[in-house]
Amino acid sequence: MHELYIAQSILDSAVSHCLESGCSRIESVTVQVGVYSGVMSEALNFAFDVIKVGTIAETASLITEKVAPQCVCKNCAQIFEPADRFILICPECQSMDVSLTKGFELQMLCLEAI
Amino acid sequence: MNIQVVSKILEANDRLADSNARKLKAAGVYTINLMGAPGAGKTSVLEAVITQLKSGGLRVGVIEGDITGSEDAQRIATLNVPVVQINTGGACHLDANMINEVLDSMPLDSLDMLIIENVGNLVCPAEFKVGEDIKLMVLSVTEGDDKPLKYPLMFRESAALVFNKIDLLPYINFNMDRAQKDAMTIHHEIRIFKTSCKTRDGVEELCAWLKGLR
């Protein structure tokens, strides 16, 4: 929903990391996007392509790695991926008392720079 | 050259939210982020609970978030509690920075509870922490019983769900069992309350729970 703001945060952070490392051009930026983060990768890429123009990331590509959801059953400790994003039922013991351990990620992993 | 970074993209907001939370905790203030669609009755629920909490000796303050205008703050001010209005000027949710900017204008040392009424929206407010202890959402029954499955994140993030305007249930096709079951499938531990600000049904139960949070 707020991909332009998020793309700007990614760009700002990538530029400062690039310059801190003594590089002058960014070739790619890799980010992790969890399915619960509320972020659409397509919209994020579109926003990044618009705002990178005129910066040291002008030719950089944004690589988005999707992170699938993961649950841990509090009843039987089974680790599973929910069948539906928000229908969280343990396939082993049918308990609904589960915690979500993956899927909320929205983070920058690394960048390639020269 | 490969540069490893691993940093949260919304870190700036999270950091400010943590700083707000520390400031509030240090002052002994329990903070609630109140969310829901426009017209769900967030302000009406707030008016109903403040009146009762105040008579029980609890000192409550309010931050009102709206795109524009100060109607809500004016309504809350008539209850004689400290209130600040934030106008987001178009933004569809409050973020930690907006709260940070107004916290100093609230008399935190003489408050027990701060309720932050977010901008009316079922999507974005759930994505941005502002420094709250819990999120509380209001869903009016006239919005429809399909809302938990259509806007799951907010139900997942909220500690409690208030079904509001239950006095209208006889006149509409709202399947309470379905809505409740769906909400609990998304968030097993969600606390459920049913209120009418008109008849004041359920207000007492909600207040008792709010009081017990501190």
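Predicted model: local features only at pLDDT ≥ 70, side-chain atom pairs only at ≥ 80, totals over all residues.
1. **The interface.** Chain B and chain A bury about 2500 Å² between them, and carbon and sulfur atoms give 64% of that area. M1(B), I3(B) and I9(B) supply 27% of the area that chain B buries against chain A, more than any other three residues. The contact draws on 35 residues of chain A and 25 residues of chain B. As background, the size of an interface is often given as the accessible area lost when the parts come together.

2. **A charged pair across the interface.** The count between chain B and chain A is 1 salt bridge. In it, the side chain of E189(B) meets that of K74(A), with a distance of 3.3 Å from N to O.

3. **The largest pocket.** This pocket holds about 570 Å³ of space. Its lining consists of 23 residues, and the closest to its centre are F104(A), K8(B), L10(B), D14(B) and E127(B). Two or more lining residues come from each of β5 (98-102) and β6 (106-113) of chain A, and from each of α1 (11-26) and α6 (152-157) of chain B. The greatest share belongs to β5(A), with 3 residues. By class, the lining has 10 nonpolar, 5 polar and 8 charged residues.

4. **The second largest pocket.** Here the space is about 420 Å³. Of the 20 lining residues, V35(A), S37(A), G38(A), V39(A) and R85(A) lie nearest the centre. The elements that give two or more residues to this lining are β1 (26-34) of chain A and α6 of chain B. The lining divides into 12 nonpolar, 4 polar and 4 charged residues.

5. Rolling a probe the size of a water molecule over the atoms shows where empty space is left. The count comes to 1 cavity of 30 Å³ or more, and the largest cavity has a volume of about 40 Å³. Its lining is made up of I32(B), L34(B), V45(B), L46(B), V49(B), I115(B), L136(B) and L210(B). These residues divide into 8 nonpolar, no polar and no charged.

6. Is E3(A) buried or exposed? E3(A) counts as buried because its relative accessible area is 8%, and buried means under 20%. This residue lies in helix α1 (residues 3-20) of chain A. Apart from its neighbours within four places in sequence, E3(A) is in contact with G38(A), V39(A), M40(A), A43(A), L44(A) and A47(A).

Key: Residues numbered from 1 in each chain as written. Chains lettered and ligands numbered in written order. Heavy atoms only, no water. Helix = DSSP H or I, 4+ residues; strand = E, 2+ residues; numbered from the N terminus. Buried < 20%, exposed > 50% of the residue type's maximum accessible area, 1.4 Å probe, protein only. Contact = heavy atoms within 4.5 Å. 1 Å grid on protein atoms, 1.4 Å probe; cavity = no way out; pocket = protein on both sides within 12 Å on 5 of 7 lines; lining within 4 Å. Points joined across faces, edges and corners; volume = space filled by probe spheres on them. Nonpolar A, V, L, I, M, F, W, Y, C, P; charged D, E, K, R; others polar. Buried area = accessible area lost by both parts, 1.4 Å probe. Salt bridge = Lys/Arg side-chain N within 4 Å of Asp/Glu carboxyl O.
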